[in-house]
Structures are given as C-alpha cells and as structure tokens.
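I opened my notebook to look up two things. How do the strands pair, and where do aromatic rings meet?

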Amino acid sequence: MRKAAALLLAAVALPLGGADAPQLVPDVSQRDVEIQYSFTGADLLLFGAIVYPDGRRPEKPADIVVVLKGPEQSVIIREKQKVAGIWVNADTARFRSAPSFYAMASSRPINQIVDERTAAIYELGVDKLQLSPSSLNDSAELSRFENGLVALRERSGLFVERPGTVEISDGVLYRARLPLSARVIVGDYTAETFLVQNGRVVAAAVRDITVRKSGFEQFMASAAEHWSFFYGLAAIALAVGMGWAAGAIAKRI
C-alpha cells in the first residue's frame, strides 16, 4: 500500500512538473532511524528548496505542507461498556489501512491553504485520512469509531498536526520539524512535501525513511522470528529463574 501511495503521488505530481511549473528539492535530516533500548523518539527536520522557472517567484507567496507517514496496518477498535460494574467489550470496528504513524506540518492552517476536496485527495490532516473501514455501514457509528482511533493515536503521539510551523525563507527555502514518537513501529516511512499555490498542489516530492531496530533489540527480534521454539524455551527458563531468585531473596529477608 505504501509503494502504491508513493507511485500515485508521483503520478499526480508528474503532470504538474512541466517546464513552467516550480519544482521541489526536499531532504530530511535522518533517513535511517535506529531503535535501541534507550530510544525515546526522534525529532526529524524536513527541509528543502523551491526552484521556480527562470528564478521568478510568484507575487503571492506559496505554501508548503509536509507529511510524515508510517507503514499502514489493519486496526481493530473495541468499544467498552460497563455491565454490572464490569467493563466488557461491546461494539468493534476494523480499519484495513490505518497509518501506524502520521505527522503533518504546514505553513498556514490547512483550511486556509486548500479546499476540503484537495485536502481529502492528498490526506492533508488526520481528519482526511482514508482508513478503509471494513465492518461498519452506519455513518454515525463509523464517525464515532474513527474519532476514537484518532484520539487514541493522538494521545500516544502517533498522530500529530502542527499547522503554521513550516518556515519559508525568502520564498524559496523551507524547513519544518516533526516528532517521531518512541512508540513507532519498524518499517518504511515516507516524508511527502507539497507545494501549494492559489489552493492548488503544483508540485510534490517524496523522500523515504527507514525505521529499524539495532543492537540487542534487533537480536531479540531476529531470535523471536527465526528461532521461535528456542526463544520460547529461553523466555520460560528466564521467568522460572527470576521467580526462583525472588523467592530465595524473600526467604532470606
């Protein structure tokens, strides 16, 4: 899905990249993010330049929107209800392609840059994400579960919006900082940059970012995947050993 989205973005941007159209030259401060035991998140700098034909800048300043997306995943949201004093699972909803991470920054609030249709096409904002529900038909119920998913991920730092934080210098250089939560999953991420003039996306570009485990975390993940039987035996032995040690210490105390 992520590769398909990147190809779609390129296909949309291609007709806009004619000889008279501006071009984006983007980059990101860190294209390879390593997750270790001490990983507390990262602060990524997305920056670049706007190249105008013949160096002529428009009279009205352009806007920049940057979007950082993580791998898509299937998500099940469960609604809890209190029955006889006990919280139990009630209704559920499944979304086939929710981004595991989404962060957006823009030079101005999105509703001042593009209309609703354009924002929905390019998924500019958490409320414009196409989550692909697979288990709901009622629009009110769907909206309730979508809002619940967004609220959960916003509290976890996995959905972030920072309108008005993209800095544009001299109309050609831009920069923005987006936080990468410590709770992100490993995989391929995309940093998308959109140049908007008069409410239209006139240029777009993508840079890839890889988030991966390293050190002891990578060893444990590899062991669990390739030697699951021995990994399970080791986990059981470790748990028994720690239990025995705790009991022995308690007896002495």
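**Entry 1: buried rings.** I began with two residues, Phe 101 and Tyr 189, and found both buried. I kept in mind that this is a predicted model.

Next I looked up how these two rings sit. Phe 101 and Tyr 189 form an aromatic pair, with 6.4 Å from centre to centre. Their planes stand at 55° to each other, and the pair is tilted.

Which parts does this pair tie together? I traced Phe 101 to the loop between β6 (86-99) and β7 (102-106). Tyr 189 belongs to strand β11, residues 187-197. The pair therefore ties together parts that lie 88 residues apart in sequence.

**Entry 2: another ring pair.** I turned to Tyr 102 and Phe 159. Their ring centres are 6.3 Å apart. Their planes meet at 80°, so I noted this pair as edge-to-face. The cut-off for that label is over 60 degrees.

I then placed both residues on strands. Tyr 102 lies in β7, and Phe 159 lies in β8, residues 159-163. This pair therefore ties together parts 57 residues apart in sequence.

Are these two residues buried or exposed? Buried means under 20% relative accessible area. Tyr 102 has a relative accessible area of 0%, so I wrote it down as buried. Phe 159 has 4% relative accessibility, so it counts as buried too.

I also looked up the count for the whole structure. The search finds three aromatic pairs.

**Entry 3: the sheet.** I moved on to the strands. What is the order of the strands in the open sheet? I read it as β1-β3-β10-β9, four strands with antiparallel pairing. The edge strands are β1 (23-28) and β9 (167-169), and each pairs on one side only. From one strand to the next, the twist averages 20°.

As a reminder to myself, strands of a sheet pair through backbone hydrogen bonds.

**Entry 4: bridges.** How many bridges join β1 to β3? I found six, and the two strands run antiparallel. On the other pairing I looked up, eight bridges join β3 (residues 42-51) to β10 (residues 173-180). These strands run antiparallel as well.

I picked out single partners next. Val 25 has Ala 49 in β3 as its bridge partner. Ala 49 also stands opposite Leu 173 in β10. Further along my list, Leu 45 has Arg 177 in β10 as its bridge partner.

Key: Residues are numbered from 1 along each chain as its sequence is written. This is a predicted model: local features need pLDDT of at least 70, side-chain atom pairs count only at pLDDT 80 or more; totals for chains, interfaces and linings use all residues. Side-chain values use heavy atoms; hydrogens and water are left out. Two strands pair if DSSP finds at least two bridges between them. Axes are lines fitted to C-alpha atoms, for helices over the stretch in contact, and angles run from 0 to 180 degrees between N-to-C directions. Rings of Phe, Tyr and Trp (its six-membered ring) pair if their centres lie within 6.5 Å; planes under 30 degrees apart count as stacked, over 60 as edge-to-face and the rest as tilted. Buried means under 20% relative accessible area, exposed over 50%, partly exposed in between (1.4 Å probe, protein chains only).
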